[in-house]
Amino acid sequence: MAGSENQNPSLFKPYQMGRFRLSHRVVLAPMTRCRALDGIPQPGNVEYYVQRATDGSFLITEGTLVSPKAGGFPHCPGIYTRAQIDAWKKVVDAVHAKGSIIFCQLWHVGRASHQVYQPDNDPTPISSTEKPISGRWRILLPDGSYGKYPNPRRLKASEIPSIVKQYRQAALNAIEAGFDGVEIHGAHGYLIDQFLKDGINDRSDAYGGPLPNRIRFLDEVVRSVVSAVGPGRVGVRVSPAIDHLEAQDSDPFSLGLAITGRLNELQRTAGEQLAYLHVTQPRYTAYGQAEGGRHGSPEEENRLMRAWRESYEGTFIASGGFTRELGEEAVASGAADLVSYGRLFIANPDLPARFKLHADLNRYVRATFYTHDPVIGYTDYPFLEERRARSRL
C-alpha cells in the first residue's frame, strides 16, 4: 500500500501521494459539467474549481478533450489549442493560490459521439469497432434534445499511433497550463474502454482478442504520456466491472488484474510509481448514473475492488456512489487510499469540511448537471456557513 500514514488511516488524515502531500483524502472526482463554452474554460469554470479547493486538497478536472474529434457532450473543455491552454491556466493558477493540487483528465469519447460534435459533421466517430451503442442509450445534443448514437468507424491499426500522440500532446499542453499532472480516462465506455472490453472490442489484430492485446492501447497511451511528463504526474482511471454505454466484459476480474499487472510493470521499468490508479466500482450504475446497468452484490463488488487494490503497487483511489460513511470505511479498512466524490461535491463545494463536521449536505439537482448556465446548478450551491446564515434569517 502506498503512502506513509498507514496506521489508523482516516478520510481526514494527510496522505503522501507520490510527490504530492495531501491534507485529507476526499478527492473531487472528474465530472462533465458542460460549462466551457465552445470548448474554452470560462470565468465560471475558475469559480467552480476555486470553490472546491482547499489547502492540500486534490482536484481532478472534468473530462478534457484531447482533440477536436474527441467530444460527445456540449461545451466540454479541450486542451489542444492555445486558447484552451491559456484559459485553463487561469483555473490552475486560482486553484494553486488556494493551496490545492489539480490534475487534468484527458478524454476521448470514441464511439460515444455524434456528427454534431465532429469536425465537418463527420457521421462516423472512431472506435475499436464498427458496432454502435444500441438504441436504449441516447446522446445529449447541444440543443438539449437526445439523439441516437451513430455507427462508428473502426480504427485501422496504422491510425492508432496518431491517437496515442494526441494524448501525449494533450498531457504536455496540460503541464504547460500549470496542471500538477494528468489523469488518463480509460473508463466508462469511452475510447480506451472500447478497446479494453470484449463486449465491444471485436478486433482480430494486435489490439483485439486476448487480454494482452485488448490492454495494448491503454498501455501505449500510458507509456507515451509517462515519457512526456513523468510517471509521478500521471494517473489512470479504469472501470473493469462497469457496463456504462454497453462497455461490458465477460471477465472483469481478470481484466482488472491484467491492467494492474501492466501498470505495475510500467512502474518498475520507469523506476517511479504513477501518481495513482483510480477505479470506479460497480455500484456506479446502481446509484443512478446509467440505466439498465449490470452490477453484482456488495460482496462481489468488494471482492473485485479488494483484489485490484491489493494487486496494484501504488496509490489507489476508489470511486462510485460513496457516502461519508462508506468512504471512511474504505480508507480505514485499507480498501482505498483516497476516495473521489462526484455528485455530492457538485452540491457541496465545502464537502470535506461538511464530512468532518458531520454536517447536513445540500441536495444536488440532477436537472442542472449538464446545463450551460455559468451559475445555476454550478457555482450557486451554498457553503455551510451561508446555509446556516440563511436559516437564521
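Leu106 touches Thr64, Val66, Ile79, Tyr167, Ala170, Ala171, Val182, Glu183, Ile184 and His185, with residues up to four places away in sequence left out of the count; contact here means heavy atoms within 4.5 Å. The model is a predicted one, in which local features need pLDDT of at least 70, side-chain atom pairs count only at pLDDT 80 or more, and totals for chains, interfaces and linings use all residues. Residues are numbered from 1 along each chain as its sequence is written, and side-chain values use heavy atoms, with hydrogens and water left out.

Buried means under 20% relative accessible area, exposed means over 50%, and partly exposed lies in between, with a 1.4 Å probe and protein chains only.

Helices (H or I, at least four residues) and strands (E, at least two) are DSSP runs, numbered from the N terminus. Helix 1 spans residues 43-51 and is mostly covered, with 7 of its 9 residues buried. The buried residues are Gly44, Asn45, Val46, Tyr48, Tyr49, Val50 and Gln51. They pack against strand 3 (26-28), strand 4 (58-65), helix 2 (82-97), strand 5 (101-107) and helix 11 (343-347).

The packing of helix 1 on helix 2 has an angle of about 25°, with the axes 9 Å apart. Axes are lines fitted to C-alpha atoms, for helices over the stretch in contact, and angles run from 0 to 180 degrees between N-to-C directions. Helix 1 is therefore roughly parallel to helix 2; angles under 35 degrees count as roughly parallel, over 145 as roughly antiparallel, 65 to 115 as roughly perpendicular and the rest as oblique. Their crossing is right-handed, a label for the near helix being turned clockwise from the far one by less than a right angle, whereas anticlockwise makes a crossing left-handed. On the helix 1 side, Asn45, Val46, Tyr49 and Val50 meet Trp88, Lys90, Val91, Ala94 and Val95 of helix 2. The residues of this contact divide into 7 nonpolar, 1 polar and 1 charged, where Ala, Val, Leu, Ile, Met, Phe, Trp, Tyr, Cys and Pro count as nonpolar, Asp, Glu, Lys and Arg as charged, and the others, Gly among them, as polar.

Helix 6 passes helix 7 in a right-handed crossing. Leu218, Asp219, Val222, Arg223 and Val226 of helix 6 meet Ile259, Arg262, Leu263, Glu265 and Leu266 of helix 7. By class, this contact has 6 nonpolar, no polar and 4 charged residues. Ser224 also lies in helix 6. With a relative accessible area of 13%, Ser224 is buried, and beyond its neighbours within four places in sequence it is in contact with Val164 and Arg168.

Pro252, Phe253, Gly256, Leu257, Thr260 and Asn264 of helix 7 make the contact with Arg303, Leu304, Ala307, Trp308 and Ser311 of helix 9. The residues involved divide into 6 nonpolar, 4 polar and 1 charged.

Some loop residues also deserve a look. Leu245, in the loop between strand 11 (234-238) and helix 7, has a positive phi of about 55° although it is not a glycine. Leu245 is buried, at a relative accessible area of 3%. Glu246 is found in the loop between strand 11 and helix 7, and its phi is near 65°, a positive value in a residue other than glycine. Glu246 counts as buried at 17% relative accessibility. Gly199, in the loop between helix 4 (191-196) and helix 5 (211-214), is partly exposed, with a relative accessible area of 39%. Leaving aside neighbours within four places in sequence, Gly199 is in contact with Lys131 and Gln248.
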